[in-house]
Amino acid sequence: MKKIIFILIFVCSLSVVFAQQENTQYIHKHLLRTDASVVAGYLFKEGMNNVHINGSTEYYLDNKISIRGSASYLLGSSGLTKDSIGLKDFHSIYLGGAFHFPTKGHFDPYVIFQPGLAYTSSYKSGRPALTSEDKQTKQHYPGALTPMATAGVGFNYYFQRFAHLFVETRYVYGQHLSAAPSPISLQELRITFGLGFNLFIIKDKKKIPVA
Amino acid sequence: MNKLILFTLLLPVISKAQEPLDKESGYFQLGVRNVMSAFSDDGANGFGYGGQFRIRVLNRLNTDWYADYITTDIGGLARKEDLHIGWSVLAYPFNYHTSKGKITPYILAGHCFDYSKVTRNDDGYALDKLSSAVQVGLGMHYNITDRTDISLTAQYMMHTGKDIHAEVESFDGLKEVHIEKTQVSGIEGHMLINVSLNVRLFDMWDQHHKRKKTS
């Protein structure tokens with residue numbers, strides 16, 4: 001508990017330091033940021049819960065537009081469809097862009113649009129295991145490539161020269177079509193937050209004042 | 001007489017040539033897209049992912065080179081996969097300037113190669129075909145910034161050659177899907193609606209750089 005309070009005070013103190021400098025927008029061209037986080041997802045059409053691990057890299061073309069590539073890997077999924085179908089794989093890659101709203105400081109709110117492609121596979125759940133030595137029967141179906149679309153909102157807070165905090169929520173759209181008896185809707189609400197790292201890969205030339 | 005005809009034909013080009021040497025041609029854009037396929041013969045709607053690059057050859061003329069992959073659920077009994085690789089010419093009849101906050105409408109026409117495969121879910125029975133198609137449509141770019149746009153396009157794609165037709169039939173409450181390959185008669189096609197995000201990366205002719213140098 002003491003540790004948490006200490007971390008909170010530390011983060012807040014950094015914010016206070018930056019708050020005193022906040023008169024220009026921190027983000028600008030050539031900023032590169034990257035993050036990795038655990039994502040909680042809910043397939044609201046099927047009532048299934050997912051946990052993904054996600055990694056992103058983003059490059060700012062200017063202070064409003066950035067290009068972001070992301071990859072996510074399904075760590076686990078719980079729940080079955082009404083036909084007793086479960087998700088085994090749901091691994092995806094996305095490429096798209098974000099629009100950053102101008103601010104005067106280190107706060108960086110944005111909206112993001114990322115089309116993508118996923119590898120998805122499913123299984124049909126059989127009878128449950130009756131004894132400890134018994135195994136639940138599962139019929140696995142071949143995987144399929146699934147077109148995806150995502151749109152989301154979030155913000156970054158650049159509290160330190162090389163690090164930032166981020167929070168993001170997004171809507172994911174797709175449909176898993178395979179040899180399974182019925183398709184699985186991949187409409188998912190995802191939420192994630194964490195710590196990211198950032199670096200200006202090309203430094204702006206300093207203007208030399210003319211005498 | 002021949003000179004008069006030639007002059008009449010060249011008149012639009014001459015009038016365009018008098019426009020200021022702009023600035024818009026030569027740009028290379030790269031983008032990603034999501035595609036919705038609707039109004040197809042089998043009545044099923046598809047969804048897809050793709051990408052494109054654009055090379056703007058003239059102020060009022062752009063070219064779009066794209067590839068997309070679309071999957072369609074056919075009544076929960078079969079699935080269709082479509083792969084398109086093609087190109088379109090975009091003409092800007094009105095505003096052609098790319099500047100922040102502006103809308104640039106366009107008309108387009110083009111051609112693509114198309115691979116389609118329909119697979120029945122229960123037994124894996126599949127039919128496929130390779131064909132080509134032509135497309136015409138309308139669209140618009142919304143320029144978010146001077147170098148980034150969101151484009152919305154609606155185009156009708158008409159296929160030639162063979163068609164794979166999938167039809168869901170119901171017998172005594174039991175649904176079945178019937179798949180067959182037939183020769184296209186008349187116009188067989190579908191509407192494609194795509195939303196894309198495009199970023200202007202560089203000037204291929206490098207004319208702006210040169211112009212800056214000379215001035």
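**Close-up views of a predicted two-chain model**

View 1. Apart from neighbours within four places in sequence, B:T98 is in contact with B:E24, B:T104, B:N143 and B:D146. The residue B:T98 itself lies in the loop between β4 (78-91) and β5 (103-120) of chain B.

**View 2. The contact between chain A and chain B.** Chain A gives 24 residues to this contact, and chain B gives 19 residues. On the side of chain A that touches chain B, the elements that give two or more residues are β3 (65-78), β4 (85-100), β5 (107-125) and β7 (144-157) of chain A. Of these, β7(A) provides the largest share, five residues. Sorted by class, this side of chain A holds 16 nonpolar, six polar and two charged residues.

**View 3. The fold of chain A.** Chain A contains one helix and 11 strands. Read from the N terminus on, the order of its elements is α-β-β-β-β-β-β-β-β-β-β-β. Of the 211 residues in chain A, 35% are buried. Among the contacts in chain A with a separation of 6 or more, 63% join residues 24 or more positions apart.

Conventions:
Residues are numbered from 1 along each chain as its sequence is written. Chains are lettered from A and ligands numbered from 1 in the order in which they are written. This is a predicted model: local features need pLDDT of at least 70, side-chain atom pairs count only at pLDDT 80 or more; totals for chains, interfaces and linings use all residues. Helices (H or I, at least four residues) and strands (E, at least two) are DSSP runs, numbered from the N terminus. A residue is buried if 20 or more other C-beta atoms lie within 10 Å of its own, exposed if 12 or fewer, and partly exposed in between; C-beta atoms are placed from the backbone. Two residues are in contact if their C-beta atoms, placed from the backbone, lie within 7 Å. Ala, Val, Leu, Ile, Met, Phe, Trp, Tyr, Cys and Pro count as nonpolar, Asp, Glu, Lys and Arg as charged, and the others, Gly among them, as polar.
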